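Here is a short report on one protein. Look over the sequence and the structure first, then read on.

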Amino acid sequence: MLIKRFALLPTKSSSGFTLLEVLITIVVLSIAATAIMGVFINLGKSSADPMIQQQATSIAEAYMEEILSKSFADPVLPETGGPEAGELRSTYNDIQDYDGLTDAGARNQNNQLIAGLSAYTVVITVTGRALTGSASVPATDSMRIDISLSHPAISTLTVSGFRTNY
Ligand SMILES: [Ca+2]
Ligand SMILES: [Ca+2]
């Protein structure tokens, strides 16, 4: 009679989860959740970079637009290959004036710091570069403009342009 009663009891394998199994499951799930959260945190960090990259490109393009709007050589004084005597950033009037310009923080054409862009460093070089090909242009009549943008969150970005003495 006793043996028969034992036989009616459910076997251990079909009794659901033990406390130990539940604890192990919780530990495994929390480790997995921590790993997934880590991925999301890293995604959040790296998603800021494209924004800074785009901002750096826009700043470089704005500087390039300003430079390309100027004369090839000084329209008033003999060209010195850099800024002529008494010229300031706000009075630059030829592309060669910009050679060697370094701005700590992006600035506008009046040399005023632009709010929110102080972490960028802008370095500009303007150098004679001959163009070769079917219609070659000597280095004295062709300038290469390189604008390098750096920011602590991105690697240095350089935008280059050419201007000929037309
Ligand atoms: Ca000038
Ligand atoms: Ca000049």
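Read along the sequence, the elements run α-α-α-β-β-β-β. That makes three helices and four strands. Helices (H or I, at least four residues) and strands (E, at least two) are DSSP runs, numbered from the N terminus.

This is a predicted model: local features need pLDDT of at least 70, side-chain atom pairs count only at pLDDT 80 or more, and totals for chains, interfaces and linings use all residues. Residues are numbered from 1 along each chain as its sequence is written, while chains are lettered from A and ligands numbered from 1 in the order in which they are written.

Of the 166 residues in the protein, 14% are buried. A residue is buried if 20 or more other C-beta atoms lie within 10 Å of its own, exposed if 12 or fewer, and partly exposed in between, with C-beta atoms placed from the backbone.

Which residues touch V122, leaving aside its neighbours within four places in sequence? They are I59, Y63, D103, A106, I147 and L149. Contact means C-beta atoms, placed from the backbone, within 7 Å.

F162 sits in strand β4 (residues 154–164). F162 counts as exposed because it has 12 C-beta neighbours inside 10 Å. Its C-alpha atom is 5.6 Å from that of M143, 19 residues apart along the chain.

How values were computed:
Two residues are in contact if their C-beta atoms, placed from the backbone, lie within 7 Å.
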